[in-house]
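Dear colleague,

My notes on it follow directly after.

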Amino acid sequence: MKQKLLLSLLIIGGAASGAWAKDGLMLGLGAGKGELKLDEGSNFSNADTDDEDTTKNAFIGYRAGDGLAFQLGYHDLGEFSISNGLTTLDGETRSLSLSALVGLPLTERFSIFGRAGFHHWNVETHSNVFGPRDRDDANGTDVMYGAGIRGEISEQVAIRLQYDKMKLSDEEDDADIGDYDVASVVMELTL
């Protein structure tokens, strides 16, 4: 499924013309709001959660013109706290991503885009399960996808409003943990 999603975006990108006409290196910084949504089968699915936090991201990429771009990103997805009455689990999540963006023009300065790729995430957790503050790390590589709108301020500067969904699954136990839903504002610079 992951390969079909990326192939579909590349095909759409080949059909898109006029959006993002400038080729070149891209740099960007963004911030927003993220929320951890646990799957029904997780150990904490019915727990009380404090799962919303401020997110930060940065990226470097290449705009290939005609509606296609690739980017390598870093995401600080913030902190969360989950409690089921007996156990409290606190954690922080970070992620590195590689994604393709495909844009379609709405006007000369505005376009919509879709995004798909992969992210490698790391969660550092602290819990009171086996003592006062037991530490653990978990990580994995999963699919991410999203969409947004991009407005050009100048030929080099653009603002993006975007929504991304970043999957989290435990490869060792072959189980879905949940998703991070992230809404953010990104300042993009094309050199």
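**Asp-164 and its surroundings**

Asp-164 makes contact with Arg-115, Tyr-145, Gly-146, Tyr-180, Asp-181 and Val-182, once its neighbours within four places in sequence are set aside. The residue belongs to strand S8. Asp-164 has a relative accessible area of 5%, under the 20% limit, and therefore counts as buried. Its side chain also takes part in a polar contact of 3.1 Å with the side chain of Gln-162. Please bear in mind that the model is predicted.

**The chain as a whole**

The protein chain holds 1 helix and 9 strands. Read from the N terminus, the order of elements is α-β-β-β-β-β-β-β-β-β. Of its 191 residues, 42% are classed as buried. As for contacts between residues at least 6 apart in sequence, 63% of them join residues at least 24 apart. The chain exposes about 10,200 Å², and carbon and sulfur atoms account for 57% of that area.

**Nonpolar cores**

The largest nonpolar core has 12 residues: Leu-36, Leu-77, Phe-80, Ile-82, Leu-89, Trp-121, Val-123, Met-144, Met-166, Leu-168, Tyr-180 and Val-182. At least two residues of this core come from each of strand S4 (68-83), strand S6, strand S8 (157-170) and strand S9 (175-190). The greatest contribution is that of S4, which supplies 3 residues. Apart from this core lies another one, of 6 residues, including Met-26, Ala-69, Leu-101 and Val-186.

Tyr-180, one of the residues of the largest core, deserves a separate entry. Not counting residues up to four places away in sequence, Tyr-180 touches Glu-35, Leu-36, Leu-77, Gly-78, Phe-80, Thr-93, Asp-164, Lys-165, Met-166 and Leu-168.

Leu-25, Leu-27, Ile-60, Leu-72, Leu-98, Leu-189 and Leu-191 form a nonpolar surface patch of about 590 Å². Within this group, Leu-189 is located in strand S9. Its relative accessibility is 33%, so Leu-189 is counted as partly exposed.

**The loop between S5 and S6**

Two residues of this loop were examined. Leu-106 sits in the loop that lies between strand S5 (88-105) and strand S6 (110-127). With a relative accessible area of 51%, Leu-106 is exposed, because that value is over 50%. Beyond its neighbours within four places in sequence, Leu-106 contacts Ser-111, Ile-112 and Ile-149. The C-alpha atom of Leu-106 is 9.7 Å from that of Arg-150, a residue 44 places away along the chain.

Thr-107 is found in the loop between S5 and S6 as well. Its relative accessible area is 47%, and Thr-107 is therefore partly exposed. A polar atom of the Thr-107 side chain lies 3.3 Å from the backbone nitrogen of Arg-109. Between the C-alpha atoms of Thr-107 and Gly-151, which are 44 residues apart along the chain, the separation is 9.5 Å.

With kind regards

Technical notes. Residues are numbered from 1 along each chain as its sequence is written. This is a predicted model: local features need pLDDT of at least 70, side-chain atom pairs count only at pLDDT 80 or more; totals for chains, interfaces and linings use all residues. Side-chain values use heavy atoms; hydrogens and water are left out. Helices (H or I, at least four residues) and strands (E, at least two) are DSSP runs, numbered from the N terminus. Buried means under 20% relative accessible area, exposed over 50%, partly exposed in between (1.4 Å probe, protein chains only). Contact means heavy atoms within 4.5 Å. A nonpolar core is a set of buried Ala, Val, Leu, Ile, Met, Phe, Trp, Tyr and Cys residues joined through side-chain atoms within 4.5 Å. Patches are made of residues with over 30% relative accessible area and no salt bridge: like charges are joined within 9 Å, nonpolar side chains (Val, Leu, Ile, Met, Phe, Trp, Tyr) within 5 Å. Accessible areas come from the Shrake-Rupley method with a 1.4 Å probe; for residues, only the protein chains shown count as cover. A salt bridge is a side-chain nitrogen of Lys or Arg within 4 Å of a carboxyl oxygen of Asp or Glu. A polar contact is a pair of N or O atoms within 3.5 Å; within protein, one must be able to donate a hydrogen and the other to accept it, and residues adjacent in sequence count only if both atoms are side-chain atoms.
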